[in-house]
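Please keep the sequence and the structure in view while reading.

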Amino acid sequence: MFFKRHHQLASNKWSALIITILVTVIASEFKVIPFNGEDFRFGLGSAAFFFLLLIFQPASIIFTGFLTGVAVVVVRIGEDMLFTSNPFWWVLENHLPAFLFYFLFAVGLSVIPLDRFKTAPLLLGAIATALEFTANSMEYFVRYLLLNHVSFEFREWVLLALVAIFRSYFVVGLYSSITIMEHNKRMREMLKVGSNLYAETLYLQKSMNHIEQITASSYDLYRQLKKHEYHSLSVQALHIAQEIHEVKKDSQRILAGMEKITKTKRGEYYFLSEVLELVIHANEKYSELLKKQVTIHSAISIDFETEKQVPLLALLNNVVANAVEAIFINGEININVYEESQNIWFVIRDTGEGISLEDQAIVFEPGYTTKFNDQGVAATGIGLSHTQEIVHILEGNILIESLETGVVFNINIPTKNLRR
């Protein structure tokens, strides 16, 4: 197993190296030649090279720069030899300085801790600008020496500096944007997991309260049996109490771990609109999984940052998922979010089967369900009881309104309990 993993890592490193070289060589062919009579060029090669180094971060940046520089020079020499009649030594002198740019740029990057500066894009851009300007200047200087030029004009240095600034900050900006997108994607995935665990945490907390009561009753039974000298039964009752106590301790450990996962870290906040987007996206996928055609419409007239994104997501997902399940094949769900009388209202209307008047009084009771599997086994029926529990924790209210087709959930929560 160790050798297999080692082989995979080595294979990935070589793949990254080959990709870096090929993409850089190809990108360098998209070029602008700013100085008349010279083969000094501004191309996409240096930008592609820097970007790929940030992504792959090879074990040896210098080695990567060396091979990339060699490959760029070889390709350019090959092009000239195929399509021009210039002598080989002239072609070599014309393109050899290009190697210097990639090598020097790689050497410069190798001496700075890239991981530290990746979180400081402005500083990373400034460092990359300095490195590119230096490497380009050295290439330009060597090219002038080889081609017997002795003068440098001020505008040429200004052009080198401006291009270095533009390319460096363009690459850093692109990399930072991708990094932020990936971070947000991971955060959203963790938020989905956390919201599901949050609902289960409430259920586990309720179960632990029952376990506590059963433990107390079992111990009381033990004392009563012992008092009346039912020795064997009292021992059995004590054993039951001890076993239940062990279950309680295990449940406490599980609950502690789940609460750590669902606890929101400081600084990780979401807008109401973002929570709503997550709910819509998740339930559109859920409807596709159930092979239903459900259209979800939404309207939100107020938006602000909240630190209650986990309970909100658990709450709204439960209600909207139930709406998706209640729709037979085709249907619609409308979600309206607005503020009224210092409360945030979440009005969720669906075109599903609805809930009968007699069932409305018990719909939030644990165990209530209208869902059965193919074998006729009922679902656990804990979803809406969780929903009500979350609403009560947020000091809100939830009401149900039956329609001819479908049902409306009216949820209101004090704005002060949601707004950060």
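Which residue's side chain meets that of Glu395 in a salt bridge? The partner is Lys416, at 3.8 Å from N to O; a salt bridge here is a side-chain nitrogen of Lys or Arg within 4 Å of a carboxyl oxygen of Asp or Glu. This pair links distant parts of the chain, 21 residues apart: Glu395 lies in the loop between α12 (383-393) and β8 (397-402), and Lys416 in the segment after β9 (407-414). Both Glu395 and Lys416 are exposed, where exposed means over 50% relative accessible area, buried under 20%, and partly exposed in between, with a 1.4 Å probe and protein chains only.

The model is predicted, so local features need pLDDT of at least 70 and side-chain atom pairs count only at pLDDT 80 or more, whereas totals for chains, interfaces and linings use all residues. Residues are numbered from 1 along each chain as its sequence is written, and side-chain values use heavy atoms, with hydrogens and water left out.

The structure holds two salt bridges. The other joins the side chains of Arg167 and Glu132 at 2.5 Å from N to O. Here, too, distant parts of the chain are linked: Arg167 belongs to helix α7 (residues 154-227) and Glu132 to helix α6 (residues 121-146), 35 residues apart. Helices (H or I, at least four residues) and strands (E, at least two) are DSSP runs, numbered from the N terminus. Arg167 counts as buried because its relative accessibility is 9%, and Glu132 is buried as well, with a relative accessible area of 4%.

Just after α2, Gln57 takes a positive phi of about 40 degrees.

Attention now turns to the sheet. Five strands form an open sheet in the order β4-β6-β7-β9-β8, with mixed pairing; two strands pair if DSSP finds at least two bridges between them. β4 (293-300) and β8 are the edge strands, each pairing on one side only. Leu399 stands opposite Asn410 in β9, and Glu401 stands opposite Val408 in β9. These two strands form a hairpin with four residues between them, and Gly406 in the turn has a positive phi of about 100 degrees.

What lies between the elements? The largest nonpolar core has 40 residues, and those with the most contacts inside it are Ile333, Ile335, Phe346 and Phe409. Such a core is a set of buried Ala, Val, Leu, Ile, Met, Phe, Trp, Tyr and Cys residues joined through side-chain atoms within 4.5 Å. The elements that give two or more residues to this core are α9, β4, α10, β6, β7, α12, β8 and β9. Its largest share, nine residues, comes from α10. A second, separate core of 28 residues includes Ile61, Leu109, Leu124 and Ala128.
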